[in-house]
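Colleague: I am new to this structure. Please show me how to read it, feature by feature.

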Amino acid sequence: MLTKNTGSRIAGYGHRDIITAYLFILPAVLIIGIFVIFPSIKLLANSFQSVSIMGGAGGFVGLENFKAVFKSHDVANSFQATLKFMVTVVIVQTSLALFLALQVNKSVSGIGFFKTVYFFPVVVSFVVISFLWRFAYSRDFGPINAFLDFVGLARQGFLSDPDQALWCVIATSIWKSWAFFMIIFLIGLKEIPKELYESAAIDGATRFQEFIYITFPMLKRTTLFIVVITTMDSVVKVFVPVFTMTGGGPRGKTNVLIHYIWQQAFRLGDVSFASAVAVVMFIFIFIMGIIQFKLGGKKE
Amino acid sequence: MKIKNPLTYCILVFFLLTVLLPMIWGISIAFRSNAEIAGMSGFSFRSFVPETATLENFTRMFKRVNIGRVFAVTLYVSLSVTFLNLIINSMAAYAFARFEFPGKDLLFIVFVATMIVPIEILIIPLYGTLRGFGMIDKLSALILPFIAKGFGIFYLRQFILGIPKELDEAAMIDGCSRLGIYLRIILPLTKPALLILGIILFLEQWDSFLVPVTLITSESKMVLQVAINYLYAGIYFNDIGILFAGMVIAAIPVIIVFTFLQRFFIEGISTSGIKG
């Protein structure tokens with residue numbers, strides 16, 4: 001029996017098993033190949049061609065689309081909006097998430113209730129959240145303007161004001177997502193060995209020193225992880241709030257790249273130009289990720 | 001009872017209010033008549049409690065969209081994507097974790113690399129691919145392209161690698177085939193990972209907006225998030241109540257399910273963070 005066992009194990013890596021393995025992988029290869037890898041290559045190819053959404057294939061145009069991208073005033077404007085969005089969300093949302101994780105981590109009673117409620121915006125869809133805020137910012141019946149009026153301040157345009165609209169969308173975006181990152185920080189906090197704090201207490205460290213010398217260094221990996229994800233999300237996942245709250249306006253001030261690309265492709269039908277912008281945006285996200293990993297790795 | 005950390009409580013309550021007050025305001029809008037909404041401008045507790053609560057927004061909304069069908073379509077799409085993903089991803093993950101075959105490492109790297117291509121960008125060339133298959137405005141366009149995922153394969157493979165290989169070998173001695181091992185050993189032991197992955201995938205589909213709004217044009221095939229956007233069209237007739245009624249109907253089930261299955265949700269959602 002034992003010999004037979006070894007025999008079958010050797011046979012276990014034979015021809016028949018290779019075929020079995022391929023059969024197990026086949027469905028995934030087909031789906032990912034046809035619907036992810038092939039389109040990705042096509043996106044890249046389109047960016048060097050002249051194509052419209054109805055498939056009217058022009059020819060190879062070399063770097064013409066990219067030249068147009070770098071010359072375009074609209075792309076520069078969208079890029080600026082994307083950068084503002086990214087930098088603000090990464091800094092404000094991450095700080096807020098860390099700050100609240102530290103509060104929630106204190107074992108005060110009723111903390112479960114707070115955590116549950118904080119998570120409501122995370123589980124409700126972005127479409128619903130965006131419409132909620134779109135009207136909450138309203139000049140007439142919105143509660144924010146009503147409150148400003150109540151305390152004697154002037155009513156604001158918010159989403160209709162070109163100088164304020166982007167900040168309003170950013171605020172909504174942070175309102176929806178901070179609790180998610182708070183939970184990730186909490187997981188990081190739970191992994192810090194309690195002994196570190198005990199020995200710090202013996203040495204007479206203050207709360208502030210504890211944070212600077214123990215908590216923050218121990219959270220470095222979690223923070224890096226959160227910053228990398230937030231960077232990518234703040235570029236890519238802003239489609240829904242921009243689409244539903246402002247449609248890119250007023251005066252293009254909230255037309256972040258991801259929304260601009262969609263508009264170019266599906267509203268104006270300029271697939272090759274949209275593809276070129278998408279390729280540039282993708283390279284940008286990719287480089288940001290590499291820089292962050294390099295910086296984060298260096299500090300350790 | 002003496003409160004131990006007054007400052008902490010103040011901070012916690014402050015953020016509780018920033019989360020709850022906009023939501024309560026939104027729910028109150030759903031129960032107000034449009035005349036009342038138009039007259040709102042001052043700030044008091046009335047900003048959060050309707051003067052005369054009415055269900056008329058809901059009755060009008062039910063007439064405007066067939067909300068039952070919207071839920072059915074959304075459930076059909078979300079469940080199909082989730083279920084098929086779990087099967088296809090776990091099959092591939094099993095092969096990557098337990099077999100040796102030519103091209104294994106390369107294929108795995110390619111699968112994992114697909115994780116960094118966001119759907120928001122992919123949708124442009126995908127539209128062309130789906131049109132080629134005649135799938136535009138078909139529900140299959142919302143399902144078929146999304147039933148295998150690099151992240152799912154990666155996540156399940158990690159989990160399967162943690163299952164002792166001796167179990168496979170023991171089953172093989174008993175004459176169990178590779179398919180039998182997958183069905184009777186790997187799948188049952190991978191249940192916790194499948195559950196978490198299932199929650200992630202389901203939520204992702206349930207909230208999906210960009211893909212259906214781009215690929216589907218028929219009203220009869222609207223999914224939930226698109227239906228909310230559709231109700232928004234009512235704004236042109238100053239019908240804000242109908243939109244908020246729809247939003248309440250869309251949000252309440254999620255909040256209720258979340259409150260009861262919180263542990264799985266949070267575990268699932270924080271796992272989804274890993275995919276980046």
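Predicted model: local features only at pLDDT ≥ 70, side-chain atom pairs only at ≥ 80, totals over all residues.

Colleague: How many residues does the contact take from chain A and from chain B?

Modeller: Two residues are in contact if their C-beta atoms, placed from the backbone, lie within 7 Å. Here chain A gives 74 residues and chain B gives 75 residues. On the chain A side, helix H2 (residues 15-46) gives the most, with 20 residues. Helices are DSSP runs of H or I, at least four residues, numbered from the N terminus.

Colleague: How do the residues on the side of chain A that touches chain B divide?

Modeller: Ala, Val, Leu, Ile, Met, Phe, Trp, Tyr, Cys and Pro count as nonpolar, Asp, Glu, Lys and Arg as charged, and the others, Gly among them, as polar. That side of chain A has 56 nonpolar, twelve polar and six charged residues.

Colleague: Into which domains is chain B divided?

Modeller: Domain bounds come from an automatic or database domain assignment. For chain B, they give domain 1 (6-54) and domain 2 (63-275). The C-alpha centres of these two domains of chain B lie 35 Å apart.

Colleague: At what angle do the axes of helix H4 and helix H12 of chain A cross?

Modeller: Axes are lines fitted to C-alpha atoms, for helices over the stretch in contact, and angles run from 0 to 180 degrees between N-to-C directions. The axes of H4 (residues 73-105) and H12 (residues 220-236) of chain A cross at roughly 145° and come within 9 Å. Their contact includes A:Phe85 and A:Met86 of H4(A), and A:Ile226 and A:Val227 of H12(A). By class, it has seven nonpolar, six polar and no charged residues.

Colleague: Why is B:Ile240 classed as buried?

Modeller: A residue is buried if 20 or more other C-beta atoms lie within 10 Å of its own, exposed if 12 or fewer, and partly exposed in between; C-beta atoms are placed from the backbone. B:Ile240 is buried because 23 other C-beta atoms lie within 10 Å. B:Ile240 is found in helix H14 (residues 240-260) of chain B.

Methods: Residues numbered from 1 in each chain as written. Chains lettered and ligands numbered in written order. Helix = DSSP H or I, 4+ residues; strand = E, 2+ residues; numbered from the N terminus.
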